[in-house]
Amino acid sequence: MKANFWIPSSKLAIAILLLIVSWSVTVAQETQPNTVLFENVRLFDGKSAQLSGPTNVLVRANKIEKISTAPIPVDRSAATQIVNGGGRTLMPGLIDMHWHTMFVRPTPVQLFSEDFGYLTLMAGAEATDTLMRGFTTVRDVGGPSFGLKQAIDGAIVVGPRIYPSGAVITITSGHGDFRKPFEVPRVPGAPLSRQEVTGVAMVADSPDEVRVRVREQLMLGASHIKLTAGGGVASPNSPLDASTFTEAELRAAVEAAENWGTYLTVHAYTPVSIQRAIAAGVKCIEHGHLMDESSAKLMAEKGIWLSTQVFPAELGNAFPPGSEERAKFEEVFAGTDRTYKLARKYNIKTAWGTDIIFSQALAQKQGALLASLTQWYTPAEALIMATATNAQLLTLSGKRNPYPGKLGVIEEGALADLLLVDGDPIANIQLVADPKKNFVVIMKDGKIYKNTTAPSAMTSR
Ligand SMILES: [Zn+2]
């Protein structure tokens, strides 16, 4: 990634911190054997609503090699770490499909004023916490997460797999345009705004500009592209009812993404913005909280994904009572129940993500927000959504998928992102709301990042 928005001093600060972090991570990883055997676990495999009977699972390198109810003989040629499951549940790592890696911890003021090195380190610390909540994969739908992704993949920082979209692409005054009135009018050829220089959001006001901005994100390594097709809650100048991009602009983005083998997803609440996006060839709608019967029907007919969430009520407190943002929040919040009912009624392909921004405290409720889906779904349905179903949407990235291999399931040959849960999450989904206590093993890509089971035997039998 070209981190051309970093000033040298922040680069140095990052380098020093990363050196320290990388030393401890490397030590941890070097002492781990190449194979791990989970003995006596019951499987929630990401697909079935029933737990399996007692089972053994062998992980070699970063993949699940063997699943068997019979004892699995241990490889004689390599040291194997044995995890005694004690009848606990082994499940796929959780996936959050609407995450903003770089925006979770800072306040909006910090995001647009602090040194970007500081913001990146903040995001790195949050990424570690995210993995420790059992989220082994996040789909980032807006923000400059490329550098952090690179650091995580390179074992410099501990964190989840990141599917990055890069900057949110918006129109002048659209959702994600956080410029202040004094920054208007935009003068052709003038320097980019702060939000653009940092890669937070790019403004594009014609099909040609859209193509440029989309292709830039693809060049930086985007696995998918995100546009805001309608107004949003947190943006100061974007009314909720506004449809922002024209169909021609949306079509330009779809074409540029698809030419690159991947897809476009759009932020859209209202029926008009949903329908226009679908007409332009968009494959996935984020949120959809104000959809109606006809837009729900259209989504089902065309096989369009809905990636949505329950917003936490506390999020409303971020906006002062009586403010325009607060009114917008309340309108969207009230639409959640209808949207989930429509999604069920028309059997829309539905993914789940949290969209937590600007609050470290709320981020700690990531698992609790998943559990709150039981207002509309059985615990098994909610867990299947946050694992195998979410992983199915990730495959729309095609060859731009940064982590080829199966995610979200426990299957032979799948990538080894696994959680050992102290209890049965299908019987008690609240277990995922307290990951510190209940996730006793957290494994990503075959590596154990947490293990609080009894000291396990190491064998080279
Ligand atoms: Zn979002």
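At what angle do helix 6 (residues 207-220) and helix 7 (residues 247-259) pack, and how far apart are their axes? The angle is about 30 degrees, and the axes lie 8 Å apart. The views below come from a predicted model.

**View 1. Helix 6 packs against helix 7.**
Two packed helices are described by the angle between their axes and the distance between the axes. Here the angle is about 30 degrees. Angles under 35 degrees count as roughly parallel, so helix 6 is roughly parallel to helix 7. The crossing of the pair is right-handed. Helix 6 brings Pro 207, Val 210, Arg 211, Val 214, Arg 215 and Leu 218 to the contact. Helix 7 meets them with Ala 248, Glu 249, Ala 252, Ala 253, Glu 255, Ala 256 and Ala 257. By class, nine residues of this contact are nonpolar, four are charged and none is polar.

**View 2. Helix 8 crosses helix 9.**
Helix 8 covers residues 271-279, and helix 9 covers residues 293-302. Their axes come within 9 Å and cross at roughly 25 degrees. That angle makes helix 8 roughly parallel to helix 9. The crossing is left-handed. On the helix 8 side, the contact is made by Pro 271, Ile 274, Gln 275 and Ile 278. On the helix 9 side, Ser 294, Ser 295, Leu 298, Met 299 and Lys 302 take part. Five residues of this contact are nonpolar, three are polar and one is charged.

**View 3. Three protein residues hold donors to the zinc ion.**
The donor atoms are NE2 of His 98, NE2 of His 100 and OD of Asp 355. They lie 2.1 to 2.5 Å from the zinc ion. Along the chain, the donors follow the spacing H-x1-H-x254-D. Are His 98 and His 100 buried or exposed? Both histidines are buried.

**View 4. Helix 4 is largely enclosed by the rest of the structure.**
Helix 4 spans residues 146-153. Six of its eight residues are buried, so the helix is largely enclosed. The buried residues are Phe 146, Gly 147, Leu 148, Lys 149, Ala 151 and Ile 152. What covers them? The cover includes helix 3 (116-132), strand 8 (161-163), helix 6 and strand 17 (439-444). After helix 4 comes Ala 155, with a positive phi near 60 degrees.

**View 5. Ala 201 is buried in strand 10.**
Strand 10 covers residues 201-203. The relative accessible area of Ala 201 is 2%. Buried means under 20%, so Ala 201 is counted as buried. Beyond residues up to four places away in sequence, Ala 201 touches Ala 167, Val 168, Gly 176, Gln 195 and Glu 196. Phe 178 is 23 residues from Ala 201 in sequence. The C-alpha atoms of Ala 201 and Phe 178 are 8.4 Å apart.

**View 6. Pro 379 is partly exposed in helix 13.**
Helix 13 covers residues 379-394. The relative accessibility of Pro 379 is 24%. Leaving aside neighbours within four places in sequence, Pro 379 is in contact with Thr 374, Pro 425, Ile 426 and Ile 429. Gln 195 is 184 residues from Pro 379 along the chain. Their C-alpha atoms are separated by 40 Å.

**View 7. Backbone details: a cis peptide bond and two positive phi values.**
Most residues other than glycine have a negative phi, and most peptide bonds are trans. The bond from Val 184 to Pro 185 is cis, with omega near 5 degrees. Pro 185 is found in the loop between strand 9 (168-170) and helix 5 (194-197). Asn 40 has a positive phi, near 55 degrees. Asn 40 lies in strand 1 (residues 35-43) and is partly exposed, with a relative accessible area of 33%. Ala 61 has a positive phi of about 55 degrees. Its place is the loop between strand 2 (55-60) and strand 3 (63-68). Ala 61 is partly exposed, at 38% relative accessible area.

Key
Residues numbered from 1 in each chain as written. Predicted model: local features only at pLDDT ≥ 70, side-chain atom pairs only at ≥ 80, totals over all residues. Heavy atoms only, no water. Donors = N, O, S within 2.8 Å, 3.2 Å for Na, K, Ca; no water. Buried < 20%, exposed > 50% of the residue type's maximum accessible area, 1.4 Å probe, protein only. Axes fitted to C-alpha atoms, helices over the stretch in contact; angles between N-to-C directions. Helix = DSSP H or I, 4+ residues; strand = E, 2+ residues; numbered from the N terminus. Parallel < 35°, antiparallel > 145°, perpendicular 65-115°, else oblique. Left-handed = near helix turned anticlockwise from the far one by under 90°. Contact = heavy atoms within 4.5 Å. Nonpolar A, V, L, I, M, F, W, Y, C, P; charged D, E, K, R; others polar.
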